[in-house]
Structure formats: C-alpha cells, structure tokens
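Biologist: I am new to this structure. Could we go through it together?
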Amino acid sequence: MHSSRNGPTGSQPRYLASTAVLLVEVIKLLASLTLASNDMCKSNPMRSPAEIAALVYRSVFAPDCWKLVIPAALYTLQNSLVYVAISNLDAVTFQVTYQLKILTTVLFSIALLGRKISSRQWMSLILLTFGVALVQVSGPISTEDWRERLSSLMQGDMPVSSGFKGLMAVIAASLTSGLTCVYFEKLVKDSMDSVSLWTRNVQLSFFSLFPALFIGVLWQDGASIAQNGFFAGYSPIVWVTIALQALGGLVVAVCIAYADNVAKNFAASLSIVVCYAASAILFRTPLMLHSTGGAAVVLLAMYLFTSRPGPRVVLLPMSKERHSAVEKPPRPLLFQLMSPR
C-alpha cells in the first residue's frame, strides 16, 4: 500500500484512495454474496436458484440489518484515514503509531463485550504494541533520527498539511479500528445461531458502499474523477493492493467470528515476526538489533498473555497442617480424562 501511494507514477496522476476503497468494498460484497448463497444452497438443497436468491435477499435485508450501518460507516472512514495517514507520513512513523489499535481494541472489548483483562495480560499487550512497533521499523535508526522525528512532530516543524494531518489520521484510524472490530464482533456473535457470518459480511459491505461512493468518490474526489477518469493512475501494484485489502477483510471476519479481536491482533503480530525472519532467510535482509529485539518482545508478550500463573511454590519447610492448606494445582485435562471415575 505504501509503495502504491508513494512510488513514482511518471506522467500519470496518482490514483485516488476513494476509488480504491470503493473497489475493495465491491469485491468484498461479491465474494461474501457468493459464500452466503453457497451456505443457503447447502441448507436448502431442494430449492431452485430463484428461491435461493429470494432467501438470500430476505436474510440480507432482514429487520435488523440497519445495525450494520454503524460499522459500515466506520470501516469506510478507517480505510480512508489509513490512506490519508500513509500519504502524509513516512512508513516508520505510520507503522509505529498505528500499533495503538492493539490497545484501543482491548479497551473497546472491555467496554462493549465486558471482557476481563488481568494485569499480566495488560503488561503483555503493552509489550506487544512496543514489540510490533520495533519490528516494523525498517533499517538502522539512530538516536538523532528519532530526535528529529519527535521534535518535528512536537514542535510543529512539519507542515500542518502533511505531518500533523497524517498523525491525526493514524490516531483516528486506530480508534475507529478498535471500535469497529469490537462492534462487529458483538453483532456477529450475538446472532450467530440465526444469521450466518457471510450474510453479516454482505450487509456490512453493502452499507459500506454508500459512504464510499457518495462521500469519498463523488463529494471528495468528484471533480478529479470527472477530469482524469475513475481508474486514473491504476497500475498492477494498485490492483494487488486492492485485492489484498479485500481478502484481508474477509479473513478478519472469519477470525472475529470464531476467535476474537485480541487473538486477531496477536496473530497479526506473529505474522510480522515470521515475515521478518523469512525476509532474512530468503532475501538475505540484514537483521537489525532493534527489530530482533522487537521480535523477541512479541514472542514474550504472546507467552505472557496465553499462559497462566503457576501454583505458589513453597521454598521454606512448614508444618504438615500449613502444607495441606496450600492450594494444589489442578491436574492437566489429559490426566483427568484418563483417570478412572
């Protein structure tokens, strides 16, 4: 995405982010509609294609479909903010700041889903955010480089139209990312027994078309599209970016439905570590100290979040009565199943 937005275009104009966002939603809509129709055919094998289409239509436009208007608008806003941030920030600043979405997701999970997070898990989440930020910082960065970046952001040396605008966009994208993912997770899991995942995804993509089309394409970039055309500046890398964005949206929906957003963030963080190691092996990319340390921090955070505190270990001798009062750790589930009733 960063290459498509900042790479050389020659004499061609830069493609418009609003058109890319609209195409992503169209692809997701068509793919989700196909999968929803396939599920409907499996549950109603004796129905004709016309009857299947009618059933899909009624399930998509059910009385509660309006609930998807909120996440649809937020998803479109989030995608637009990401494009704005990438266009106005260097890759390092964007990658580091955008990791705030890990913490915002947890905060909204607590507020909307009532999730309980222990102090140990909070520590792991903070470590995860810090570790991912370190891994995604590519290339050696000196103390002077960090000082220049911080001073330019804090003292206002960057132009307001570029640095500050990009920073505000990435912070807003982090907030909307957390809120949208958690809200969509709540909708999907509350109605999983009556409404399929792909029907919810069809509703989400359908309602996302309206803000993407009317606000992004027509209102924001209508004049530029009328002058240069809808597909001006499109190249193979732009189409690859759009396809990956659409595929990522479908995969995220599956992950949210069958796991949760916190697990999704940990999986994405682990994938960053795997990509970092694979790049070093396959492409002989030099390993940087801060990135390697960040990978280790990510693995430590995953261990802290998924592991449970062990039983209290008695280091000093005690009386038999006190020793029996110490809570014994439960046996592993495998041994519980194998033991005689």
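Biologist: Which residues in helix 2 meet helix 3, and which ones in helix 3 do they meet?
Modeller: On the helix 2 side, the residues are Leu33, Ala36, Ser37, Met40 and Cys41. Their partners in helix 3 are Ile52, Leu55, Val56 and Ser59. Please keep in mind that this is a predicted model.

Biologist: At what angle do the axes of helix 2 and helix 3 cross?
Modeller: The two axes cross at roughly 115° and come within 10 Å. Helix 3 covers residues 49-60, and helix 2 passes it in a right-handed crossing.

Biologist: What separates the C-alpha atoms of Ala36 and Leu197?
Modeller: A distance of 8.1 Å separates these two C-alpha atoms, although the residues are 161 residues apart along the chain.

Biologist: Stepping back, how many helices and strands are in the chain?
Modeller: The chain has 16 helices and zero strands. It has 341 residues, and 40% of them count as buried.

Biologist: What share of the contacts with a separation of 6 or more comes from residues 24 or more positions apart?
Modeller: Such pairs account for 80% of those contacts. As for the surface, the chain exposes about 19600 Å², and carbon and sulfur atoms supply 68% of that area.

Biologist: Is Cys181 buried or exposed, and what about Cys65?
Modeller: Cys181 is buried, with a relative accessible area of 4%. Cys65 is buried as well, at 12%.

Biologist: Now for helix 7. Where does Thr129 sit, and which residues is it in contact with?
Modeller: Thr129 is found in helix 7, which spans residues 119-136. Beyond its neighbours within four places in sequence, Thr129 is in contact with Gln99, Ile102 and Leu103. Thr129 counts as buried because its relative accessibility, 10%, is under the 20% cut-off.

Biologist: What pLDDT does the chain average?
Modeller: The average is 80, and 81% of the residues score at least 70. Among the elements, helix 2 (residues 17-43) has the highest mean pLDDT, at 92. Helix 16 (residues 333-338) has the lowest, at 41.

Biologist: Which stretches have a pLDDT below 50?
Modeller: One of them is residues 153-158, which have nine contacts in the model beyond near neighbours in sequence. Another is residues 313-329, where pLDDT stays under 50 and the model has five contacts beyond four places in sequence. Where pLDDT is low, the predicted coordinates should not be read in detail.

How values were computed
Residues numbered from 1 in each chain as written. Predicted model: local features only at pLDDT ≥ 70, side-chain atom pairs only at ≥ 80, totals over all residues. Heavy atoms only, no water. pLDDT = per-residue confidence, 0-100. Helix = DSSP H or I, 4+ residues; strand = E, 2+ residues; numbered from the N terminus. Contact = heavy atoms within 4.5 Å. Buried < 20%, exposed > 50% of the residue type's maximum accessible area, 1.4 Å probe, protein only. Areas by Shrake-Rupley, 256 points an atom, 1.4 Å probe, with all protein chains shown as cover. Axes fitted to C-alpha atoms, helices over the stretch in contact; angles between N-to-C directions. Left-handed = near helix turned anticlockwise from the far one by under 90°.
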